Amino acid sequence: MAMDYSAAEYMAILLSREVRDGEISACGALSHIPAAGLLLAQALHAPNAELIILNSKFNPFRTSKQFHYLAQRGELGLFFVSGVQIDRFGNYNLHIIGPDADHPKVRFPGGYGGGMIYYGARRTVVFRTEHTLRSFVKQVDFISAAGSTPPDVLRHGNPSKVVTPKANFRFDKGDGLLHLDTVHPGYTLDDIRENTGFGIGDDPVPITPAPSEEELHTLRQAIRSKMIDTGTYADWARKSLGNIAA
């Protein structure tokens, strides 16, 4: 079924819906989709949200250390993060691929401070622009950040949701597992099962609400212009917002 919006636009809209008014919400440097989502949320339903987009003009801090202290104090309400691998326990991997940590098949740069922020933020939404068996695995090869921790470990929050181009997962703190929450328009339960390396069950789940006309119009007009004005996100915004073929 043809959609009149791109996967990037839809994911930005889905992430925007997680932002709460009056809360401090943040994403990392060069996180184009969540950056668009943050700005869209502030424009539509969270006018009093405090936004932090690292390495952009929407960053009140001179150093990343100040941002990390904010998270450690428990003042960060929402953070968006991605991972190369994500597993059913809410763990994500940004470091290596392969069973041998000393001799990995692939080595990635890791995530600067991401593991700590996963503990410090009140809520963390993990996003992945690829939903395949190589990205959604039964168990990650390396735990860059853990979804659950022992009771004696200080932790302000947990992962709350995982958003992909195909579906949303919710994290259940009680059993420490990801559960399929909604399936995006145009996909089926079988599509998700065939592209997920852990069980999702057989129970039917709701269809994720499609973008509204207001969400799409605001994203493609006001938010696109605002992201182009930042310079940092200009090329991505020109290509990905309002360009269905992108």
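Q: Exposed means over 50% relative accessible area, buried means under 20%, and partly exposed lies in between. Does asparagine 55 count as buried or exposed?

A: In this predicted model, asparagine 55 has a relative accessibility of 60% and therefore counts as exposed. The residue sits in the loop between S2 and H3.

Q: Which loop holds leucine 30, and is leucine 30 buried or exposed?

A: Leucine 30 lies in the loop between strand S1 (24–27) and H2. Its relative accessible area is 54%, so it is exposed. Leucine 30, too, has a positive phi of about 60 degrees without being a glycine.

Q: How do I read a value in the middle range, such as that of tyrosine 69?

A: The middle class runs between the buried and exposed cut-offs, 20% and 50%. Tyrosine 69, with 43%, is therefore partly exposed. The residue belongs to helix H3. Sequence separation and spatial separation are read as two numbers: tyrosine 69 and isoleucine 117 are 48 residues apart in the chain, and their C-alpha atoms are 9.6 Å apart.

Q: What does leucine 178 touch beyond its sequence neighbours?

A: Start with its setting. Leucine 178 is part of strand S12 (residues 177–183), and it counts as buried because its relative accessibility is 6%. Leaving out residues up to four places away in sequence, leucine 178 touches Ile86, Asp87, Arg88, Gly90, Val162, Phe169, Arg170, Phe171 and Phe198. Serine 160 is 18 residues from leucine 178 in sequence, with 9.1 Å between the two C-alpha atoms.

Q: Is threonine 218 buried or exposed, and what lies 2.8 Å from a polar atom of its side chain?

A: Threonine 218 is buried because its relative accessible area, 13%, is under the 20% cut-off. The residue is in helix H6 (residues 213–230). A polar atom of its side chain lies 2.8 Å from the backbone oxygen of glutamate 214. Beyond four places in sequence, threonine 218 is in contact with Leu40, Ala43, Leu44 and Ile223.

Q: How should I read a nonpolar core, and which members of the largest one touch the most others?

A: In soluble globular proteins, nonpolar side chains tend to be buried together. The largest nonpolar core here has 35 residues, and those touching the most other members are Val19, Ile53, Phe80, Leu219, Met227 and Trp236. At least two residues of this core come from each of helix H1 (7–16), helix H2 (32–44), strand S2 (50–53), strand S3 (78–82), strand S8 (123–127), H6 and helix H7 (234–240).

Q: What is tryptophan 236 in contact with?

A: Setting aside neighbours within four places in sequence, tryptophan 236 is in contact with Ala8, His32, Ile33, Ala36, Met227 and Leu241.

Key. Residues are numbered from 1 along each chain as its sequence is written. This is a predicted model: local features need pLDDT of at least 70, side-chain atom pairs count only at pLDDT 80 or more; totals for chains, interfaces and linings use all residues. Side-chain values use heavy atoms; hydrogens and water are left out. Helices (H or I, at least four residues) and strands (E, at least two) are DSSP runs, numbered from the N terminus. Buried means under 20% relative accessible area, exposed over 50%, partly exposed in between (1.4 Å probe, protein chains only). A polar contact is a pair of N or O atoms within 3.5 Å; within protein, one must be able to donate a hydrogen and the other to accept it, and residues adjacent in sequence count only if both atoms are side-chain atoms. Contact means heavy atoms within 4.5 Å. A nonpolar core is a set of buried Ala, Val, Leu, Ile, Met, Phe, Trp, Tyr and Cys residues joined through side-chain atoms within 4.5 Å.
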